[in-house]
Amino acid sequence: MRRSASVFRALLVFTAIVETQWPGVSGIYCKDMASGVYRPHSVTITEFGAVGDGVALNTKAFQNAIFYLNSFADKGGAQLFVPAGRWLTGSFSLISHLTLSLDKDAVIIGSPDSSNWPVIDPLPSYGRGRELPGERHQSLIFGYNLTDVIITGANGTIDGQGAVWWDWFHNHTLNYTRPHLVELMYSTNVVISNLTFKNSPFWNIHPVYCSQVLVEHLTILAPLDSPNTDGINPDSSTNICIKHCYVRNGDDVIVIKSGWDEYGISFAHPSSNISITNITGETRGGAGIAIGSEMSGGISEVRAERLRIVNSLHGIRIKTAPGRGGYVRNVYIADVSMHNVSMAIRITGNYGEHPDNNYDRNALPMISNITIENVVGINVGIAGILEGIEGDNFSSICISNVSLSVQSMHPWNCSLIQGYSNSVIPESCDQLRTDCGQTPVCYNGGSPSAVRAQAPMHKPSTSSLLNSLLKLSSL
Ligand SMILES: *[C@@H]1O[C@H](CO)[C@@H](O)[C@H](O)[C@H]1NC(C)=O
Ligand SMILES: *[C@@H]1O[C@H](CO)[C@@H](O)[C@H](O)[C@H]1NC(C)=O
Ligand SMILES: *[C@@H]1O[C@H](CO)[C@@H](O)[C@H](O)[C@H]1NC(C)=O
Ligand SMILES: *[C@@H]1O[C@H](CO)[C@@H](O)[C@H](O)[C@H]1NC(C)=O
Ligand SMILES: *[C@@H]1O[C@H](CO)[C@@H](O)[C@H](O)[C@H]1NC(C)=O
Ligand SMILES: *[C@@H]1O[C@H](CO)[C@@H](O)[C@H](O)[C@H]1NC(C)=O
Ligand SMILES: *[C@@H]1O[C@H](CO)[C@@H](O)[C@H](O)[C@H]1NC(C)=O
Ligand SMILES: *[C@@H]1O[C@H](CO)[C@@H](O)[C@H](O)[C@H]1NC(C)=O
Ligand SMILES: *[C@@H]1O[C@H](CO)[C@@H](O)[C@H](O)[C@H]1NC(C)=O
Ligand SMILES: *[C@@H]1O[C@H](CO)[C@@H](O)[C@H](O)[C@H]1NC(C)=O
Ligand SMILES: *[C@@H]1O[C@H](CO)[C@@H](O)[C@H](O)[C@H]1NC(C)=O
Ligand SMILES: *[C@@H]1O[C@H](CO)[C@@H](O)[C@H](O)[C@H]1NC(C)=O
């Protein structure tokens, strides 16, 4: 008892250190991305007849304004400004070379009438709507084939009024899969910044088949018990940077995807070069950072750092299943603090959920090169449940410098995985122990600053970390 109490105190000190000393690293895959562009032309939504009383439906005004601004696309692009007010609208589509800019007290409100959310084809990499077969509702703000698009505001709000959609979901009266707040397909050079997203019917931000996307300074809020209100979902997309966001919602805070079973395998659009930095998340039903379960096009080169995950079901999670095919590799997750998290790290090989019965049961996902390091957790239920697939071991799972105050008597439960661990408290499972003398190679995030992860690992020697913790606690 005494020992665990002092470790607990030590962890508190540790957390304080972690929170104050993280350096300001910027997304490594977004070096050349500008967060703003000057637009020589600007119009205000009221010039197109919009009324910001929360009652009038403004879909036509948004469509007309954007149609008008199309004529400036080759003249440096244009801005559509949304002033203070409550602007009710159905789904509308953006164009290239456009900035949609919200004022501080501007609120774009999604119509509670589902007929204002048109129905569109399913994504080719999913073969059907995610929750119902067939088509799906188009997102509130939609884009297709775009380049040079900015959605921003002085922390203005986009509120999906999702409650009615959650009811339809719960009482099984949806006809099609629920819409997202923002979905951009086949688009490049996109910035989504400085906004608050609220009450999405389904996922919040969904870039799919996109590249060069910067998402920063967002607040994303949905009730903790709202169904599938994922925060930010990069999907079959490359060079994506997500920074400085606060998310409190009902499902995964950030989740990387790349298509579903046979549809994702044949469409073959991977997600890669994903950088995630400085995220605070709270989710009752999901994970702080997740990969999958749809990962059939492959997911690689993921770097997530400075994550703070509180009051959540899962901290870090990878989900997959036989039938998915594809791969998840070269994932580096570091500098994570968790407080009140039921399961700190979870890898699930039998997630299930298939689009139909035509998936190939022999299409096994390849999961390898997953490194998780520098994690502190307080009041964690279980440290890790790490399960691979029979006949398909997940390999090079590396966990180092992880210190969790855990309640469970069985903190780790591993099967069908192989890898290495170093300085893990509580001591990790046998599957993650390394023979002295071997020189295992763990993925290091592709950066010299993380090179220590590549050093040979030894049998877990937790005593030194414990000692330094105890020393700290006596300060
Ligand atoms: C998207 O771009 C492709 C290739 O440039 C073109 O063939 C297609 O018609 C475009 N689709 C739409 C909806 O703009
Ligand atoms: C933005 O607004 C949300 C509430 O709508 C608030 O919680 C958050 O702190 C604000 N962010 C900034 C940077 O002002
Ligand atoms: C389902 O929920 C919707 C939205 O709240 C409501 O209008 C409808 O009456 C409900 N239907 C049933 C069968 O409960
Ligand atoms: C489903 O379709 C029926 C029949 O067209 C319609 O009355 C109902 O409003 C639709 N439900 C939703 C949630 O859109
Ligand atoms: C967004 O907010 C951040 C932090 O407040 C600020 O540094 C940045 O300039 C803002 N970006 C835009 C495009 O206004
Ligand atoms: C980290 O993100 C939060 C928003 O969650 C923001 O307030 C803070 O300024 C960011 N920190 C840095 C160093 O940019
Ligand atoms: C990923 O990033 C690396 C280096 O930052 C770059 O060389 C590579 O082309 C990128 N991959 C894709 C698919 O854009
Ligand atoms: C963790 O849970 C405790 C007890 O419910 C609560 O006091 C504390 O604020 C929670 N931590 C965070 C970061 O919310
Ligand atoms: C271990 O992790 C903690 C917390 O993230 C960090 O402060 C410390 O520098 C790490 N130690 C090493 C040797 O990397
Ligand atoms: C570990 O997980 C397996 C299922 O994968 C379960 O059968 C077993 O009871 C668990 N062991 C412990 C000690 O929790
Ligand atoms: C799979 O991993 C387990 C440890 O989790 C190990 O005992 C077994 O030998 C491995 N199987 C193969 C085929 O490598
Ligand atoms: C795993 O990571 C190591 C070290 O970075 C690298 O040499 C190896 O090629 C990676 N394996 C795969 C399958 O990408």
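Guide: Gladly, and let us begin with strand pairing. In this predicted model, strand β22 (residues 327-348) runs parallel to β23, and 16 bridges connect the two.

Visitor: Which other strands pair with β23 in the parallel sense?

Guide: β24 pairs with β23 in the parallel sense over 9 bridges, and there V376 faces S403 of β24. Strand β25 (residues 412-415) also pairs with β23, again in the parallel sense, through 4 bridges. In that pairing, I385 has N413 of β25 as its bridge partner.

Visitor: Why is strand β23 described as largely enclosed by the rest of the structure?

Guide: Here we count neighbours: a residue is buried if 20 or more other C-beta atoms lie within 10 Å of its own. Strand β23 (residues 366-387) has 22 residues and 17 of them are buried, so the rest of the structure largely encloses this strand. For the protein as a whole, 59% of the 475 residues count as buried.

Visitor: Could we try that on a single residue? Is L404 buried or exposed?

Guide: L404 is buried, because 27 other C-beta atoms lie within 10 Å. This residue belongs to strand β24 (residues 394-406). Leaving aside residues up to four places away in sequence, L404 touches A344, G377, V380, A383, I425 and P426. From L404 to V376 the C-alpha to C-alpha distance is 5.6 Å, although 28 residues separate them in sequence.

Visitor: And what should I keep in mind about side chains along a strand?

Guide: In a regular strand, side chains alternate between the two faces of the sheet.

Visitor: Now a sheet as a unit. What is the strand order in the open sheet of 4 strands?

Guide: The order is β5-β10-β13-β15, with parallel pairing. β5 (92-93) and β15 (205-208) are the edge strands: each has a single partner, so one side of each lacks a neighbour in the sheet. β5 is joined to strand β10 (residues 141-144) by 2 bridges, and F92 has I141 of β10 as its bridge partner.

Visitor: Finally, the ligands. Which residues surround ligand 2?

Guide: Its surroundings are N155, T157, T196 and T219; by class that shell has 4 polar residues, with no nonpolar and no charged ones. Around ligand 11 you will find N393, S415, L416, I417, Q418 and Q431. The shell of ligand 11 has 2 nonpolar and 4 polar residues, and no charged ones.

How values were computed:
Residues numbered from 1 in each chain as written. Chains lettered and ligands numbered in written order. Predicted model: local features only at pLDDT ≥ 70, side-chain atom pairs only at ≥ 80, totals over all residues. Near = placed C-beta within 6 Å. Nonpolar A, V, L, I, M, F, W, Y, C, P; charged D, E, K, R; others polar. Buried ≥ 20, exposed ≤ 12 C-beta atoms within 10 Å, placed from the backbone. Contact = placed C-beta atoms within 7 Å. Pairing = 2+ DSSP bridges.
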